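Please help me learn to read a protein structure. I would like to take a few features in turn, with the general idea before each case.

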Amino acid sequence: MRSITISGTNNGFIDLMKIKVAARHISYRTLFHTILILAFLLPFVFILTALVTLEDCLGRRLGPRLLGRVDDSGRLVKDFYKILNEVKTGEIPANLKLPDSFDQLVSDMKNNQYDAKTFAFMLRGMMEKFEREVRESKFAELMNKHFAASSIPKGIHCLSLRLTDEYSSNAHARKQLPPPELLPLLSDNSYHHFILSTDNILAASVVVNSAVQSSLKPEKIVFHVITDKKTYAGMHSWFALNSASPAVVEIKGIHQFDWLTRENVPVLEALFPNLEKVVFLDDDVVIQRDLSPLWEIDLEGKVNGAVETCRGEDDWVMSKHFRNYFNFSHPLVKEHLNPDECAWAYGMNIFDLGAWRRTNIRETYHSWLKENLRSNLTMWKLGTLPPALIAFKGHVHPIDPYWHMLGLGYQNNTDIESLKKAAVIHYNGQSKPWLPIGFERLRPFWTKYVNYSSDFVRNCHILES
């Protein structure tokens with residue numbers, strides 16, 4: 001446009017408006033370029049307008065770099081921390097309904113337009129709720145496992161009852177063990193003496209069978225089985241009717257020793273006064289190799305030959321130090337024990353009873369038991385191993401881990417090839433192989449030594465699938 005002329009009166013009213021336009025010719029090329037520029041600029045202007053509008057509505061910066069503004073995300077994080085600190089100690093509103101899942105949380109946020117503080121309360125409530133549910137679930141799992149592990153399976157209970165009844169009605173079940181001509185072998189130190197303490201007849205039979213079948217010299221084996229008064233008759237019946245020959249088996253009942261009291265535990269050195277070296281076995285072990293070389297191991301004046309459990313490929317089983325068993329916040333524990341000291345395995349141990357008798361292990365054991373009672377049982381985790389770790393402190397000789405593989409009752413992912421090579425495998429833990437909660441892939445290494453030809457085992461339907 002060339003010119004625009006506007007004329008008006010002095011009193012402010014428009015009398016005349018003339019617009020004179022002198023136009024010249026506009027080419028199509030110029031028009032095209034003009035439209036092209038506008039097509040590029042208009043979306044950009046629209047985006048800027050939208051960003052500014054959203055910024056005003058939401059009260060936060062969007063696209064700070066695009067708008068040439070300073071990024072204040074740090075301030076937003078600080079504000080959020082401030083809100084979290086406020087709700088950390090505050091009481092969660094009683095009328096606040098907590099969602100059960102993340103999807104529901106997102107949906108509630110969209111539908112209800114919660115402010116930041118309400119959102120923070122909701123997060124805290126959800127976290128506390130989930131933590132409580134996890135704790136309850138873990139406790140329930142532990143209790144279920146405890147009841148399952150401590151219960152007696154129906155088949156094993158049946159076996160004990162029938163064998164006890166057999167003891168009273170069958171003279172063969174009451175015959176002397178061992179026969180009179182073999183009695184001198186019970187104290188003959190040229191033989192390999194095993195000690196097994198249990199009230200589980202089926203488990204005892206597996207330990208003895210596996211030891212005899214795996215031995216290169218089964219005629220040199222003497223088993224001393226110690227049981228309680230309740231199980232004595234049934235245990236005697238089993239080994240009287242199911243000979244372990246050529247091995248020798250003796251059944252001892254703790255009720256037969258009037259001097260045996262709580263004050264006399266541990267008592268191996270007293271129960272077997274004429275023996276020098278023995279191998280102690282738990283009832284949840286299986287012997288897969290000849291163990292006669294154990295009697296050739298020099299314990300170098302120590303009392304207890306055991307596998308250390310603080311080093312090895314299995315991080316779960318072979319990573320145990322004193323700190324895993326004892327409460328080092330207790331002043332006596334802190335004063336006398338080292339949290340980094342290596343623990344050792346119980347369940348397959350070589351005991352030099354002669355060296356044991358020259359120590360004060362029994363006195364140390366009972367002294368610490370009394371201290372723990374005075375401390376309301378707060379000095380160590382429940383179990384028999386912690387006080388034994390203290391009593392045998394300084395009296396343990398490490399032996400090769402080959403002799404004792406642990407953890408088959410704790411975890412199902414035990415390496416099968418390593419298991420096959422081990423001399424003794426130990427189902428320590430709650431998942432015993434004779435229980436329904438035992439691990440199926442590990443059970444066959446135990447059941448192969450169950451005497452399924454026995455009428456008692458068959459009639460009690462033990463471990464039937």
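The dialogue below goes through some features of this structure.

Q: What kind of model is this, and how are residues numbered?
A: This is a predicted model, in which local features need pLDDT of at least 70, side-chain atom pairs count only at pLDDT 80 or more, and totals for chains, interfaces and linings use all residues. Residues are numbered from 1 along each chain as its sequence is written, and side-chain values use heavy atoms, with hydrogens and water left out.

Q: How many helices and strands are there in the protein chain?
A: Helices (H or I, at least four residues) and strands (E, at least two) are DSSP runs, numbered from the N terminus. The protein chain has 16 helices and 11 strands.

Q: What share of the residues is buried?
A: Buried means under 20% relative accessible area, exposed over 50%, and partly exposed in between (1.4 Å probe, protein chains only). Of the 465 residues in the protein chain, 42% are buried.

Q: Why does Leu408 count as buried, and which residues does Leu408 touch?
A: Leu408 counts as buried because its relative accessibility is 1%.
A: A salt bridge is a side-chain nitrogen of Lys or Arg within 4 Å of a carboxyl oxygen of Asp or Glu. By this rule there are nine salt bridges. In one of them, Lys432 pairs with Asp284, and the closest N and O atoms are 2.4 Å apart. This pair links distant parts of the chain, 148 residues apart. Lys432 counts as buried because its relative accessibility is 16%, and Asp284 counts as buried because its value is 4%.

Q: Where do Lys420 and Glu417 lie?
A: Both are in helix α14, and being three residues apart, they are separated by about one helical turn. Lys420 forms a salt bridge with Glu417, with the closest N and O atoms 3.8 Å apart. Lys420 is partly exposed, at 40% relative accessible area, and so is Glu417, at 47%.

Q: Which side chain of opposite charge is nearest to Lys277?
A: Lys and Arg count as positive and Asp and Glu as negative, while His and the chain ends are not counted. For Lys277 the nearest is Asp352, 5.9 Å away; Lys277 is buried yet has no salt bridge. The side chain of Lys277 does reach the backbone oxygen of Ile297, at 2.9 Å.

Notes: Polar contact = N/O pair within 3.5 Å; in protein donor to acceptor, adjacent residues only side chain to side chain.
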